[in-house]
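Work through these exercises with the structure open beside you. Try each task before you read its solution.

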Amino acid sequence: MRATPLTSIASLAAVALLATGCGQGLLGGGDGGDTAKTNEPIVLGMLIPQSGSEAAIGPYMSNAAQLAVDEINAKGGVLGRKLELKTADDACDAQSAAAGANKLVTEGVDVSVGGYCSGATLPTLPIFGKANIPMIIPAANSQELVDQKLKHVFLINGTGTQQAAAAEKWMTKQGAKSVALMHDNTSYSKDIALRTQTLLDAPGGPDTALIEAVTPKESDYSANITNVLAKKPDFVYWTGYFQEGGLIARQLRQAGYKGSIMVGDGSVSPKLVEIAGPEAAEGVYATMTQTPDTLEGAEGWIEAYKKKFGTEPGPYSNQAYDAVRLAAEAVGKAGGTDGAKVIAALEAIDGFQMFSGPLKFTPEHTLSNGGFQILIVKDGKITLQDSLK
Amino acid sequence: MTQLIWNGLFVGSFYALVALGYSMVYGIIKLLNFAHGDLYMLGAFAGFAILGAVGGVSSSMALPVLLAVLVVTMAVTGLAGVALERIAYRPLRRAPRLSLLITAVGASFALEYGMRAAAGADPRVYPLRLGGTSLEVAGARLTLAQLVLVGVAVVLMIGLNLLVTRTREGRAMRAIALDPTTSSLMGIDVNAVISRTFFIGSALAGAAGVMAGAYYGKIDFLMGFLIGLKAFTAAVIGGIGNIPGTMLGGLVLGLLESFGTFWLGGEWRDVFAFGVLILFLTVRPTGLLGERVTERV
């Protein structure tokens, strides 16, 4: 366990919260039954990476979730009860995630609105399931999460299958002939690469030149790039995260590659452009679900976020924000925090407005419309290229 | 083929620079300094901070400015290495070997997460970067910046080797490696020499950190972890405690990775490189140019 000072402060705070929570519970016990609960806040739990390799993502998500909580509370909360957000660190690591999930369960979380790394989210599914806590997963989107077919798990990010389909569609549209797929061997990244390969294998359209796996967290990918370029592809699709994505785009260009480069949704971040450098990043495509930047009417939201936290929203800020709003909506519709009722309310939702468009879950609890679109880096900014409608 | 060799040599020269610190410290006090990779990270951040303080630099001045930053950073990380030794390792020098090892791991985490607390978890990007045009030499594509970096690495390594083999200071280091107690009886200030060893080793790691920052651009608080592991491997392949061996080990590891990726594909690269490591340890545990064991006895 890597216990950082930060997490120990957080757990201290959590203990303090727990203590006060118990106090209320004891006092409220006298009133008997449900009436006591009506004064208690509805607790939303969020597992996100706050330490470890993906620690940069954590604040983007928890800030946005807090923004949604504050907005809803300012309007009087849900069913007269306030919302409260509790976060725990999953360090993008299965063991820490399980520990964090157990901590949230003991803290009396009503709905889970976290989950970024698919590999870390997977082991938390049964933990929340046993406690009868519905999960709205804002970011993690490996097909493995869907394949479990769990009743309490809802994904509001497009899935790997949907992303692969969008990628293949764009490659065909661009007239690509030979595609190199690069992934970082993590569950999420490999999943998209393999699904894209399956689609490319179908007759017609572009073919797969090779699949190349890289080791994440390194600086030099020249050996992988030499491999890729030996196959002379005219399209390279990187399905991992932005830290490596930026380096790979830069090193591809340095090695003299002239074809198209596309990256997956984990790589969509202003940091990608910064790491690659403006010249190498120019013209890089990305498959991505709707972001605040590509959605009309989101300017106010970005302003509110900036005003509150002093930074720009980042990847998955909007999904985290939506997860909280959706949780509030479902609890409101269910008339309480009973797990089964909230799940039924989530299944019944039709047309709830989110950044990704009106929401209706498929029987598999994924978005009926993945909403993937193609972005492009233009003058150093990531903008919409094609909404693939 | 030449491209593969060049890729391997370029990466390998980074491994070698970092591995030298590992090897020197191990050679002298038999400590595996697991925080060494984090001194590389510290060097990258120190260089980043200095460049930020200097402000905007025109691209024609990039190289001289970077070289100046390199020198300052080497001093900074060198002192950090000395402080690390003074605080974390010296009080435990007579403790069981295991305590030292655990302290080293603790020091590594302290540096990593200390940097995260100070600089944040987001990766940073160097304001000044060596890109430059690439040229073709014998079928391999390489850039001027790469040549300069390899040149700097080679100069540093030659300088180190001269220091160890030709100077009084170097003789004192070698003497302590053989027998610290007798060395102190002969009037060598053991603590001072060990401090200076840490200074040199850490300065080299810091230099590698700045070079990586300037060439690759991206730095983050965990960047030292993997390269620390690789440098350790390189040191073992070459013969830990042996300076020319360690340099050779770095280059060999770089080449192994480059060819492993080519022959077996990216996902098998580490399996290949570390498989060779295991083979080395079973067939030739002292490494390529392992230290002469007879001298120890």
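**Exercise 1. Find the cysteine pair and describe the bond.**

Solution. 
Step 1. Look at Cys92(A) and Cys117(A): their sulfur atoms lie 2.0 Å apart, and the two form a disulfide. The model is predicted. The cut-off for a disulfide is 2.5 Å between cysteine sulfur atoms.
Step 2. Recall what such a link is. A disulfide is a covalent bond between the sulfur atoms of two cysteines.
Step 3. Count over all chains. The structure holds 1 disulfide.
Step 4. Read the torsion about the S-S bond of Cys92(A) and Cys117(A). It is about -110°, so this disulfide is left-handed.

**Exercise 2. Is Cys117(A) buried or exposed?**

Solution. 
Step 1. Recall the cut-off: buried means under 20% relative accessible area.
Step 2. Apply it to Cys117(A). Its relative accessibility is 3%, so Cys117(A) counts as buried.
Step 3. Turn to its partner. Cys92(A) has 25% relative accessibility, so Cys92(A) counts as partly exposed.

**Exercise 3. Describe the interface of chain A and chain B.**

Solution. 
Step 1. Count residues. Chain A gives 37 residues to the contact, and chain B gives 36 residues.
Step 2. Take the area. About 3000 Å² is buried between the chains, with 50% of it from carbon and sulfur atoms.
Step 3. Count polar links. There are 2 salt bridges between chain A and chain B. One of them joins Glu218(A) to Lys230(B), with the closest N and O atoms 2.4 Å apart. The interface also has 14 residue pairs in polar contact.
Step 4. Find the elements of chain A that give two or more residues to this side. They are β7 (207-213), α10 (222-230), α11 (242-254) and α12 (270-276). α11(A) gives the most, with 6 residues.
Step 5. Sort the residues on the side of chain A that touches chain B. They divide into 12 nonpolar, 17 polar and 8 charged.

**Exercise 4. Which residues does Arg269(B) touch?**

Solution. 
Step 1. Locate Arg269(B). It belongs to helix α11 (residues 269-283) of chain B.
Step 2. Check its accessibility. At 5%, Arg269(B) counts as buried.
Step 3. List the contacts, leaving out residues up to four places away in sequence. From chain A, Arg269(B) touches Thr215(A) and Glu218(A). From chain B, Arg269(B) touches Lys230(B), Glu257(B), Gly260(B) and Thr261(B).

Key: Residues numbered from 1 in each chain as written. Chains lettered and ligands numbered in written order. Predicted model: local features only at pLDDT ≥ 70, side-chain atom pairs only at ≥ 80, totals over all residues. Heavy atoms only, no water. Buried < 20%, exposed > 50% of the residue type's maximum accessible area, 1.4 Å probe, protein only. Contact = heavy atoms within 4.5 Å. Buried area = accessible area lost by both parts, 1.4 Å probe. Salt bridge = Lys/Arg side-chain N within 4 Å of Asp/Glu carboxyl O. Polar contact = N/O pair within 3.5 Å; in protein donor to acceptor, adjacent residues only side chain to side chain. Helix = DSSP H or I, 4+ residues; strand = E, 2+ residues; numbered from the N terminus. Nonpolar A, V, L, I, M, F, W, Y, C, P; charged D, E, K, R; others polar.
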